[in-house]
Every structure is written in structure tokens, then in C-alpha cells.
Amino acid sequence: MTQTAGRWTVVAMTAAIGIAGCSRTSVTFTPSQDHNTLEQAEFAHYIAEQPMMTYDQLCRAVLLLADGDESPRSFENRVAELQSRGIARERWSFGAQDVVDRGVLAYMIFRTSNLPGGINTRLSGWTGVGCERYALKEVARKRIIRYGLPYQIPTGGEVMRALARADDYLADHGMYESAEKEIRSPRDVE
Amino acid sequence: MRQNDIVPWFGSAVSGLAIAACLAAVSPANASSIRAQQPAAGEVQQLEAVVIEVHGSVKRAPVGVKASEKAGWTPVAVNDRLTSGTQIKVGMVRSDVVLRFGDDTVVQIRKMSLASIDDFYRDPEKQTVRLSLGYGAVRGGSVESELRSDLVVDSTVATLAKRGTEGLGMEVEPSTMYFEARLTRSGLLSLLSALSRNPRTIQPGEYANDDNVDMMPVEQKLFDLEVKFYSDESKSEGEASFASRNSTGNAVLSPASGSEAAFGSGQNDPDFVSGIIDRRDPALVTPPPPAFVIRPEGDFGVPNTFGALLGNLLPNKRLDTAGRTLDRSHIGKGRVPRRR
């Protein structure tokens, strides 16, 4: 009896540690300025100066990446739109001012860019276990973002540069019609 | 000449990228016209860059206006002429601008960039273009003409290119200041890190970034292979240290603990590993494994877990940790699994 109780105690402690270890610590950040008052270019360069990025800001930036343009939306509207496209996960319960980590950023880029994933990425996406981690590996492998740990918080500059590289990826893979061409010499513009 | 720092938060540690293209060959067809445009001895002629392509959101403002502010910025259009002291910000997606500096140099400022034209002038000896790249990416090139041409882009590192460089590129990440410089077509670049002051030559088809700029020049293919085969996330500390000291040339940065220690220990001897094996006690030497062996931890990224999962799908079958089939009927409470 005592031995059984001891086993159950160990199981319960292991589960508790596991759940606590896998849980996400919520960090909130109050930006000095409401990004909704900024136009596209000002918004991007404002974010680049921030030490971190909120979920609301990331949703706006990702929609901008996906569509190439934007229309005024509320936070709830942006989240619903991204969830309907499968870019944001429904199990995420972030608030507008929750800080995003590299895993969330990578997952949204991964889904927006339609990156091909390996078997582990597909399995993790199917089960929902560790999908941010494998998305980060895929996105880092494409050199869109530098490798780091999924729970690390990137700076605003890192996020915006990663999104710009993702836009390059979309253009290179014909996901939108791009007029940009590679300029390597004056002969390329004649 | 004016040198504007468009990003004051760089700090003293982050001082500059310089890409310089020096052009010396003579093109007889346009030599006379270029000579006619040359200023007299001792005279410096200020020039203007011409905007030849614009896509998306591109704005300009005098140096000093913050990039995150709306006031002071005006949209850039094709055929606009930009003088020294103009800064340019490019939107995050679907945006870029191409500038022409004289007849022989073009620069494309790419998406999510903040850059400024610090100087663009011509004197009797050369044409000089000085750009500041706060963050983002630029690329471009120069062709050979009669007048020598210098193109300098200030940012985290310094790069020097000589004799008609085509396909040069530079990227600096905001806030982290990670950088990468590359040369895709022809010419030669020399990259100078502002932090370490270590120069690095970049040849066509190569790139250098903050990972490899401080290392001894190695074949780019070797560097890529090293990175490819041993990705950061899969390296242990010992493997990273070994790879760094033996395959990247990083040891020269710390002679007392790097290459000298490695040479002293004989690690660079081709017989180093086999020598250790030979010196081991024969009784402890394990025979070489067969070509295919099932290991408990799995082989080549296919862990035995998959095999166990597959085995569990079969009726009354299960695989143990060594991949051997167990009789599932014997698995039960208080009973020891019996191997077939």
C-alpha cells in the first residue's frame, strides 16, 4: 500500500513538473505608442526599435506579410482572421500585450510561407506537441530567422528583419507577383 | 566631408560597414565625355543620386528625423534626385528602391531598411559615394569606367571592393546588429569588422557574416559544410569547441589556448585518433560494429520509438528497446515479458 502510494506520488510529481515546465510564462509589454495610429512604414520602423514585440503587433505584421497591404482592424479581428487561415493556433490564448517568443514568431512565419516541413514537423503540427519548436527549426533552416530557443523573446528588430526575409521567400517562390529584381550591376537596370 | 550617423543607438561598438568599389579601367568610348565632366584640379563637385526604381512604401527625409515618426517624411518617386544628407526608409514588405550614382554605380536599398546618403561627390581623381546603413539590406554594384569610384557603406563592419565589383550585398539586422556581406557576381570585397578590426576577403560566390568574419580565412565551402553537418542545435559543447578549433581557424584568435594547445596535444596529427585506439588495452577494444546494427537509441534520427509504435499496432506483438519482438500476451500485471 505504501509502495503504491509512493509510486502515485512520484507520478503526480513528475506530471506536475512536466506541466509546469511546459507551461508558458506570460510576459506583458506596454509599448510607448499605440501602433494602430502608425502607417505601415512607420509601424515597421517603430517596431524595429522596440526591445520586444506584443502579440497584437505581431498579428498586424504577419497580416501585412501575408497580404502585402492592410486595412484597419481590431486585435480580436486580426486574431480571428489569422486563426481562420491557420496561421495562428486556436489554443493560443495570448492577450494583445502579451510578448511573443521565437516559437510563436516562427510558427506564424512557417504557416504564412507554406514552408515544407519534415516528418517531425508534420507530426508535431498534427499532434500540436512541440510544433513551435519544429517550426523554428524549419524557419531557421531556411535562414529566415537565426536559431535560438523557442521560448526566447526576440527583439522587435529581429522580428521585423525575419518578416522581411520571409517576404523575400514568398517572392522567390512565386507566392505573389513581385516586380523587384536583383540589382547587381548598372547593367541590370538598363 | 560630412559623415552622418543615422542611428545614434548604435553606440561606439557598432561603427560601420564600408563597401568601396575602386574602378580604374578606361572605356575609350565615353572617356572624352567623362573628362569633360571632371572638375578642375582641387575642385569638389557635389552630385545627386537619381531614383530609377521604386516599389512599395519608400520615404525620404533629412538626416535627423526619426524613422518611426510620420512627420518630415515624404514619399520617394522615380526620377527624384537625392542630395547628400538624405535618409531613406523602406517598408517591411513588397518595397525597395534603386538609386543610380553617376553612370557606373547602382545601389538597391531593400525592404525594412533605413539608410542615408552621407556624401556623393566627384573630385579630379575619383567619384565617392558614402552611404550609412542603419539596418536592413543593400545590394548593387559598379562597372569599370575611366574615373576611379569609391563606394562606402557605413554600418557594423567595413568592406573594401576593388576593380568593378558586381553583385555586392550587405545586410544588417536591427538591434542585434547581426550582419552578412556577400559577393555574387565578380570583383573582390574586403570586409573589416568594426569590433575586432579583423579583415576578411570575400570572393565571388562567398559571404561573410558575424559568425565567420573573425575567423582565419577558410574555404567558404568548408565553413558551410561545417555548419551544415553540425548545426548549432545539435552540437554539444565539446563538439562545438573541437569544430571551432580544428575546422574554422578560430584558434588563431587565442594563440595561447587555441591552435598551440591543439598542436601541442597532437590533435592535428592525422594519426591522433588511431594512435589513441592503438594504445588502448586490447581487452577493452570492442570489435568494429557490423554495417547495420540496431542500437537502443536508434539509428540516424529514426529512433526505435517508431519501431515500437509500429510493433504495438500489430496484434499481440511488441518490440522491446532493442527492437526485438516480444510476445504481447505475456505482458500483464505482475508478469515479466518473455522474449521470443
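**A walk through a two-chain predicted model**

Chain A has a secondary structure of 8 helices and 0 strands, where helices (H or I, at least four residues) and strands (E, at least two) are DSSP runs numbered from the N terminus. This is a predicted model, in which local features need pLDDT of at least 70 and side-chain atom pairs count only at pLDDT 80 or more, while totals for chains, interfaces and linings use all residues. Residues are numbered from 1 along each chain as its sequence is written, and chains are lettered from A and ligands numbered from 1 in the order in which they are written.

Let us begin with chain A. Along the sequence its pattern reads α-α-α-α-α-α-α-α. Chain A has 190 residues, of which 38% count as buried. Here a residue is buried if 20 or more other C-beta atoms lie within 10 Å of its own, exposed if 12 or fewer, and partly exposed in between, with C-beta atoms placed from the backbone. Two residues are in contact if their C-beta atoms, again placed from the backbone, lie within 7 Å. If you take the contacts in chain A between residues at least 6 apart in sequence, 65% of them join residues at least 24 apart.

Now for two helix pairs. Helix α5 (residues 102-112) of chain A packs with helix α7 (residues 131-141) of chain A at an angle of about 65 degrees, their axes being 8 Å apart. That angle makes α5(A) roughly perpendicular to α7(A). Axes are lines fitted to C-alpha atoms, for helices over the stretch in contact, and angles run from 0 to 180 degrees between N-to-C directions. Angles under 35 degrees count as roughly parallel, over 145 as roughly antiparallel, 65 to 115 as roughly perpendicular and the rest as oblique. The crossing of α5(A) and α7(A) is left-handed, a term used if the near helix is turned anticlockwise from the far one by less than a right angle, with right-handed used if clockwise. Residues of α5(A) in this contact include Val104(A), Tyr107(A) and Phe110(A), and those of α7(A) include Cys131(A), Leu136(A) and Val139(A). By class, the contact of α5(A) with α7(A) has 9 nonpolar, 1 polar and 4 charged residues. In this count, Ala, Val, Leu, Ile, Met, Phe, Trp, Tyr, Cys and Pro are nonpolar, Asp, Glu, Lys and Arg are charged, and the others, Gly among them, are polar.

The second pair is helix α2 (residues 40-48) of chain A and helix α8 (residues 156-172) of chain A, which pack at an angle of about 135 degrees with their axes 6 Å apart. That makes α2(A) oblique to α8(A). From α2(A), Ala44(A), Ile47(A) and Ala48(A) meet Gly156(A), Gly157(A), Val159(A) and Met160(A) of α8(A). By class, this contact of α2(A) with α8(A) has 5 nonpolar, 2 polar and no charged residues.

Leaving out residues up to four places away in sequence, Leu58(A) touches Met53(A), Val100(A), Leu105(A), Met108(A) and Val159(A). Leu58(A) and Val62(A) touch the most other members of the largest nonpolar core, which has 85 residues. Helix α3 (residues 55-67) of chain A gives this core its largest share, 9 residues. A nonpolar core is a set of buried Ala, Val, Leu, Ile, Met, Phe, Trp, Tyr and Cys residues joined through C-beta atoms within 7 Å.

Next, follow the loop between α2 and α3 of chain A, where Glu49(A) lies. Glu49(A) is partly exposed, because 19 other C-beta atoms lie within 10 Å. Apart from neighbours within four places in sequence, Glu49(A) is in contact with Gly156(A) and Ser68(B).

Chain B contains 6 helices and 20 strands, and 35% of its 340 residues count as buried. Between the chains, 39 residues of chain B are in contact with 32 residues of chain A. On the side of chain B that touches chain A, β11(B) gives the most, with 4 residues. By class, that side of chain B has 12 nonpolar, 12 polar and 15 charged residues.

Asn114(A) is not a glycine, yet has a positive phi of about 55 degrees. Asn114(A) counts as exposed, because 11 C-beta neighbours lie inside 10 Å. Arg94(B), also not a glycine, has a positive phi of about 50 degrees. Arg94(B) is buried, because 22 other C-beta atoms lie within 10 Å.
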